[in-house]
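Hi everyone, and thanks for coming. I'd like to walk you through a structure that may be new to you, so please have a look at it with me.

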Amino acid sequence: MAILGIDLGTTNSLAAVWRNGRSELIPNAGGDYLTPSVVSVDEDGSVLVGQAAKDRLISHPERTAARFKRYMGTQKVFQLGDRSFRPEELSALVLRRLKEDAECYLGEPVTEAVISVPANFAEAQRSATKRAGALAGLTVERLVNEPAAAAVAAHISEGDEDKVCLVFDLGGGTLDVSLVERFENVVSVTAVSGDNRLGGSDFDRAIARGFCEETGIDFDRLDSRRQEMLIRQAETCKMALTVQPMVVMSVDDGTIRASLPMNNEWLIRKCSRLFQRMAAPVQKVFRDAAIRMEELDELVMVGGSSHMPSVRQYIAQLLGREPASDSRPDTAIALGAGICAGMKA
């Protein structure tokens, strides 16, 4: 029976399985590897998970929850319509969807999983993740630190020479920075730092606010539906800027009519405080490990937000080293978790 390797992410989640000698990503029912970590409750009481729920963030914000990974291990309660959920209960719904999609794809029951967590997750957050797995009908065989999973996927465990690797993981809601050392064929996470309130969703909000500033719109006076609509538009523009030099953000919903050209220079200017916050955890892991930046052998950038050219450029300049070209930002952690699941099996 297969053991799933799961990347339970703030923005998206995905699963992998070890078979035929490699870690293989599992598509969801829609044929995509990424399942949005979003839950919504319909008016009839039915629960929607994934893309169907994400589509309701604008139309039904009061019935939809996202970015709840940030609150794992806390007492926060999400009110969706007339139902209330703890963060681990929402995470369990995402895990159950991954489990069901995996069972459909593999054609067999799945009851066990290895789930990745940020290296700086405290015990309360790790326990909440295990509870989420249990609520989803999964025996959580092991929690694996995300940087260790990314390092395994990037093959830094292979070879003979000792190596110092920095794993920079910028996801939708969190930043994790880890120094990973390989010595005598052992991979060890030697220092971790991060920011549990910094991720791609913060860039989306900063872009939306920047758009409003330059077009004369008061973001804070907008209702939640229009704020979410602008944030979704900002996310679309941010993603477009990963492959093209300029985009135009245009909004016309009958009340708001505005458009603004944007490029990566504009993005860096409007998100300058977020870039400054990225530097602190990077510098901290080198101090904690008593290693100079010049001793770094490899930079691995993972997490969906590491696709952003401005982020890659900023970190490359900070460290004086280009990111490894074979790192796969969206899928590296899931693939690494799949490898760990295969080792456990």
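**Pockets, cavities and a helix pair**

Let's start with the second largest pocket: sorted by class, its lining has eight nonpolar, five polar and six charged residues. Before I go on, please keep in mind that this is a predicted model.

So, how big is this second largest pocket? Its volume is about 490 Å³. In total, 19 residues line the pocket, and those nearest its centre are Thr64, Ala66, Arg67, Arg205 and Glu228. Which element gives the largest share? That is α7, with four residues.

Rolling a probe the size of a water molecule over the atoms shows where empty space is left. How many cavities of 30 Å³ or more turn up in a search of the whole structure? The search finds two.

The largest cavity holds about 40 Å³ of space. Around it you'll see Ala15, Ile26, Pro27, Asn28, Tyr33, Thr35, Leu98, Asp101 and Ala102. Helix α3 (residues 87–106) gives the largest share of this lining, three residues. By class, the lining of the largest cavity comes to six nonpolar, two polar and one charged residues.

For the second largest cavity, the space is also about 40 Å³. Its lining is made up of Leu8, Lys69, Met72, Ser91, Ser116, Val117, Phe121 and Thr129. Here the classes are four nonpolar, three polar and one charged.

Finally, let's turn to a pair of helices. Two packed helices are described by the angle between their axes and the distance between the axes. Our pair is helix α9 (residues 272–289) and helix α10 (residues 309–319), whose axes come within 11 Å and cross at roughly 40°. With that angle, α9 and α10 are therefore oblique to each other. Is their crossing left-handed or right-handed? The crossing of α9 and α10 is right-handed.

Which residues make the contact? From α9 they are Phe275, Gln276, Met278, Ala279, Val282, Gln283 and Phe286, and from α10 they are Ser310, Val311, Tyr314, Leu318 and Leu319. Taken by class, this contact of α9 with α10 has nine nonpolar residues, three polar ones and no charged ones.

That's my tour, and I'm happy to go back to any part of it with you.

Conventions
Residues are numbered from 1 along each chain as its sequence is written. This is a predicted model: local features need pLDDT of at least 70, side-chain atom pairs count only at pLDDT 80 or more; totals for chains, interfaces and linings use all residues. Side-chain values use heavy atoms; hydrogens and water are left out. Axes are lines fitted to C-alpha atoms, for helices over the stretch in contact, and angles run from 0 to 180 degrees between N-to-C directions. Helices (H or I, at least four residues) and strands (E, at least two) are DSSP runs, numbered from the N terminus. Angles under 35 degrees count as roughly parallel, over 145 as roughly antiparallel, 65 to 115 as roughly perpendicular and the rest as oblique. A crossing is left-handed if the near helix is turned anticlockwise from the far one by less than a right angle, and right-handed if clockwise. Contact means heavy atoms within 4.5 Å. Ala, Val, Leu, Ile, Met, Phe, Trp, Tyr, Cys and Pro count as nonpolar, Asp, Glu, Lys and Arg as charged, and the others, Gly among them, as polar. On a 1 Å grid over the protein atoms alone, a cavity is a set of points where a 1.4 Å probe fits but cannot get out, and a pocket is an open set with protein on both sides within 12 Å along at least five of seven lines; lining residues have an atom within 4 Å of a point. Grid points are joined across faces, edges and corners, and a volume is the space filled by probe spheres set on the points.
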